[in-house]
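User: I have a model open and a few things to ask about it. Can we go through them one at a time?

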Amino acid sequence: MKAKKRRSTHCSNCESALEESYNFCPTCGQSNTDNNITFSILIREFLDNYLGVDSKMANSIMPFLFSPGKLTNRFQDGKIKHFIHPVRLYLVLSVFYFFVISYLLSFDLRELGDDSFSIPARTDIEELRNDPDFAILTDSLKIKALNDSLVKQFSGIGNFNMLYDSLVSKYDSAIINNTQVTLNAVDLIASNENEHFLDKTNRWARDRHMSDDAFMDSLMGGKGRYKVFNITDTTSGEDARHLKSQVRKVFKNEEGFKGFILGNLPIMMFLLIPLFALVLKVVYARRNHLYIKHIVHALHVHSFAYFIYGISLLVMFKLLVGHSGWQVIVGILTFIGVSTYVYISFLNVYKQGWFKTLVKFNIVGFIYIILLQIFFSFEIFMSFWYY
């Protein structure tokens, strides 16, 4: 809905007569706008003004999808009246893409592995001492898991190893190896004897009686892939305490942490656009293009990638669920299609031969992948530190 369709024939402020072509009242200077409109008109104007859903979008769809580089060249030539602004196009399609990412990545981390935690209700103490699953428990939980009669015999013990040493000093090893103990299944494995490791860490993280140090000790006794959280040997002081606290926050609410990371991704990608344009500026330095042209080109190719990858991800993980072969094929074809589109846009925008363009295209792609890795690693670290 264009603003001129909301013009009035009289000023709402001073009641002066107006012509519909007037933008402002010549008497008092108030804008010539009729605000007495329906809700549907208000919605249409919002879509028009902020999302560009109007004739500009309609005029831009075909060249955007099927004529790589054409919108960039039109913008460079100053022919922008009938085409959507590149920043607006980027914002619309980035919203779509990151919505798809957030929707599809709301998976359960427990699906990544098949770890289980199952200790029989009755076991001999030697087996228990060497059980790797039992080892990841804190000392307080180890002691609490044992039957009361055994604990009462050695009320002064501080950890499980002290208990074992006390038993060895009082009884011979043969008796120790055959001694059966009863475990407190409720405290040890909750209600599921096949409890996933992430469920255990989540339960530990929510235990207010467990300190951050005790939580880290329990965590570090777990599976090898969690060794990345071993921060005690490389950090100290306030930073170490903060890192331990952040690790515990992540395991306490991993879904919230994933959402926090995904929420920061659009900002990361938007900040990457000027760097991508700078790479184009350096690679095509001899062409003497203005930096703004590279910015516009970067916005257009990223917008196309967001649109195609968003559609592809929906097809792969919603329509082709359970068909891994087809998912791989669609993924490969999507990557080839987007890469081909970007390569053709390089040809049409920078007007160089196909071989020289191919070389520069690969150089830009290689540098861009490195920048993506650096930015994504930094984004994860910052999200972790300030979560």
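This is a predicted model: local features need pLDDT of at least 70, side-chain atom pairs count only at pLDDT 80 or more; totals for chains, interfaces and linings use all residues.

User: Start with the second largest pocket. How much space lies in it?
Analyst: The second largest pocket holds about 160 Å³ of space.

User: Which residues line the second largest pocket?
Analyst: The lining is made of Asn264, Ile267, Met268, Leu271, Phe375, Phe378, Glu379, Met382 and Ser383. By type, that is 6 nonpolar, 2 polar and 1 charged.

User: Which helices supply at least two residues each of that lining?
Analyst: Helices α15 (254-283) and α18 (354-385) do. The largest share, 5 residues, comes from α18.

User: Staying with α15, what about Met269? Buried or exposed?
Analyst: Met269, which is in helix α15, is buried, because its relative accessibility is 9% and the cut-off for buried is under 20%.

User: What is Met269 in contact with, leaving aside neighbours within four places in sequence?
Analyst: Tyr90, Phe98, His302, Tyr306, Tyr368 and Leu372.

User: And how far is Met269 from Phe375 in space, C-alpha to C-alpha?
Analyst: The C-alpha atoms of Met269 and Phe375 are 8.4 Å apart, although 106 residues separate the two in sequence. Phe375 is also one of the residues lining the second largest pocket.

User: Change of topic. Where does His289 lie?
Analyst: His289 is in the loop between α15 and α16 (291-319).

User: Why does His289 count as buried?
Analyst: Its relative accessible area is 14%, and buried means under 20%, so His289 falls in that class.

User: Which side chain does the His289 side chain make a polar contact with?
Analyst: That of Lys293, at 3.5 Å. Leaving aside neighbours within four places in sequence, His289 is also in contact with Lys281, His294, Val349 and Tyr350.

User: Val349 and Tyr350 are in α17, I think. Which residues of α17 are buried?
Analyst: The buried residues of α17 include Val349 and Tyr350.

User: How many residues does α17 have, and how far does it reach?
Analyst: Helix α17 covers residues 324-350, which makes 27 residues. From first C-alpha to last, α17 reaches 39 Å, close to the 39 Å expected at 1.5 Å a residue.

User: What comes just after α17?
Analyst: Lys351, with a positive phi of about 55°.

Note on methods:
Residues are numbered from 1 along each chain as its sequence is written. Side-chain values use heavy atoms; hydrogens and water are left out. On a 1 Å grid over the protein atoms alone, a cavity is a set of points where a 1.4 Å probe fits but cannot get out, and a pocket is an open set with protein on both sides within 12 Å along at least five of seven lines; lining residues have an atom within 4 Å of a point. Grid points are joined across faces, edges and corners, and a volume is the space filled by probe spheres set on the points. Helices (H or I, at least four residues) and strands (E, at least two) are DSSP runs, numbered from the N terminus. Ala, Val, Leu, Ile, Met, Phe, Trp, Tyr, Cys and Pro count as nonpolar, Asp, Glu, Lys and Arg as charged, and the others, Gly among them, as polar. Buried means under 20% relative accessible area, exposed over 50%, partly exposed in between (1.4 Å probe, protein chains only). A polar contact is a pair of N or O atoms within 3.5 Å; within protein, one must be able to donate a hydrogen and the other to accept it, and residues adjacent in sequence count only if both atoms are side-chain atoms. Contact means heavy atoms within 4.5 Å. The expected span of a helix is 1.5 Å times one less than its number of residues.
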